[in-house]
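Keep to what can be computed from the coordinates or read from the record.

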Amino acid sequence: MTARFEFKLAATDGRARTGAISTPRGQIRTPAFMPVGTAATVKAMLPESVAATGADILLGNTYHLMLRPTAERIAALGGLHKFMNWPGPILTDSGGFQVMSLADLRKLTEEGVAFRSHIDGSRHMLTPERSIEIQALLGSDIVMCFDECPALPATDKAVAESMELSMRWARRSKEAFGERPGHALFGIQQGGVTRELRGASADKLVEIGFDGYAIGGLAVGEGQEAMFGVLDYAPDMLPEGKPRYLMGVGKPDDIVGAVARGVDMMDCVLPSRSGRTGQAWTRRGQVNIKNARHADDPRPLDEDCTCPACRSYSRAYLHHVFRAQEMISGMLLTWHNLHYYQQLMAEMRAAIARGDFGAWQAQFHAQRAEGDIEPL
Ligand SMILES: [Zn+2]
């Protein structure tokens, strides 16, 4: 255990990297997938169950927590780790993305974003300084710069202006963060799908200097091909010796493609959200447990999976509890999905360390192409 925030690369294979981030709250093995604990909970999971799936770090949402129960209340109760009973590292987003997608009557200025809460209509203001203050009150281990993420498609001019605003906000975020040993501040590269803007954004962030660098503004509806197009060059614009975090990604094949392009960290609500809507992710692709074909099927979701849903329950049972809207349905499928995602990360880390990530990727795609097991 170290008192400092530190990233060490252990091996690379092509552009793919594996290593570890050390923090005072524990180690984060990379490439890492971060489950999302929006409102101080990964929905349907106990924190110890999330840890049992293999997650080293969780993500918390500034926008949700500042509105309810408020950052000041969480700080008074001992911080987010104690409040939600998660002793490991936590990364918090800046609220920038969610304020633009969820809040009512928002007004964007040089200063920040004024808005009304989507919960009770109360008025709030998020600025770089306020976002950093909230993340400090929460006790976040990895703090994100406050940025603006333009919805795509947008004109080059709009994307450029937005990126430049985000870079001014990145500097203000850095000044507001100050010196906090053991805690990290990540900058966020913007620039849409334009290489020149991505390069200008990376240069500006490196000039300011951060503990890690995120690739923002992707997974906002541009599609996998366009996203991979950006990832073909964007990670290499960021410092090799610092962690690279792709925000809001994604489906299993998005994650594999991002790791292949040099990404170290990712987060997404998909495995937990899908678990509550009857969708399971397996090595053979997506399974819809609602489907009538599972009603009499005594086999597990995935016979090779060691999660509680696959070890102790049949497809027929999972189908039944989903149809009956029993809470255990969301609990079991979320556990399975998070377990599958962490299994994927562990396999990729091992393959990169062995130097056969290419062969591993071929097998990953071949298994998915087979599709789900035949109905009985
Ligand atoms: Zn399972």
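Phe97 is found in helix H5. Helices (H or I, at least four residues) and strands (E, at least two) are DSSP runs, numbered from the N terminus. Is Phe97 buried or exposed? Phe97 counts as buried because it has 22 C-beta neighbours inside 10 Å. The cut-offs are these: buried means 20 or more other C-beta atoms within 10 Å of the residue's own, exposed means 12 or fewer, and partly exposed is in between, with C-beta atoms placed from the backbone.

This is a predicted model, in which local features need pLDDT of at least 70, side-chain atom pairs count only at pLDDT 80 or more, and totals for chains, interfaces and linings use all residues. Residues are numbered from 1 along each chain as its sequence is written.

An unreviewed UniProt entry lists Asp93, Ser94, Gly95, Gly96, Phe97, Asp147, Gln190 and Gly217 under "binding site". UniProt positions follow the numbering used here, feature names are shortened, and annotations may be inferred rather than shown by experiment. Asp93 sits in the loop between strand S6 (90-92) and helix H5 (96-102). Asp93 is buried, with 29 other C-beta atoms within 10 Å. Not counting residues up to four places away in sequence, Asp93 touches Leu59, Asn61, Thr62 and Met144. Contact means that the C-beta atoms of two residues, placed from the backbone, lie within 7 Å.

## Two domains

The domain assignment gives domain 1 (6-268) and domain 2 (275-370). Such bounds come from an automatic or database domain assignment. The domain centres, taken over C-alpha atoms, are 27 Å apart. Domain 1 puts 25 residues into the contact, and domain 2 puts in 22 residues.

On the domain 1 side, the elements that each supply at least two residues are strands S1 (6-13), S2 (16-23) and S4 (32-35), and helices H1 (47-52) and H10 (252-260). H10 gives the largest share, five residues. This side divides into 16 nonpolar, five polar and four charged residues. Here Ala, Val, Leu, Ile, Met, Phe, Trp, Tyr, Cys and Pro count as nonpolar, Asp, Glu, Lys and Arg as charged, and the others, Gly among them, as polar.

Nonpolar side chains tend to be buried together in soluble globular proteins. The largest nonpolar core has 105 residues, and those with the most contacts inside it are Met34, Leu58, Phe186, Leu246 and Met266. H14 gives the most to this core, with 12 residues. Both domain 1 (6-268) and domain 2 (275-370) give residues to the core, so it lies between them. A nonpolar core is a set of buried Ala, Val, Leu, Ile, Met, Phe, Trp, Tyr and Cys residues joined through C-beta atoms within 7 Å.

Which residues are in contact with Met34, leaving aside its neighbours within four places in sequence? They are Ile57, Leu58, Leu59, Leu91, Met265, Met266 and Asp267.

## Helix H13

Helix H13 (residues 315-323) has Arg315, Leu318, His319, Val321 and Phe322 buried. The buried residues of H13 pack against helix H12 (308-312) and helix H14 (327-354). Gln325 follows H13 and has a positive phi, near 55°.

## A hairpin

Strands S8 (residues 113-116) and S9 (residues 123-126) pair in the antiparallel sense over four bridges. Pairing requires at least two DSSP bridges between two strands. Val113 has Leu126 in S9 as its bridge partner. The hairpin has six residues between the strands, and Gly121 takes a positive phi near 80°.
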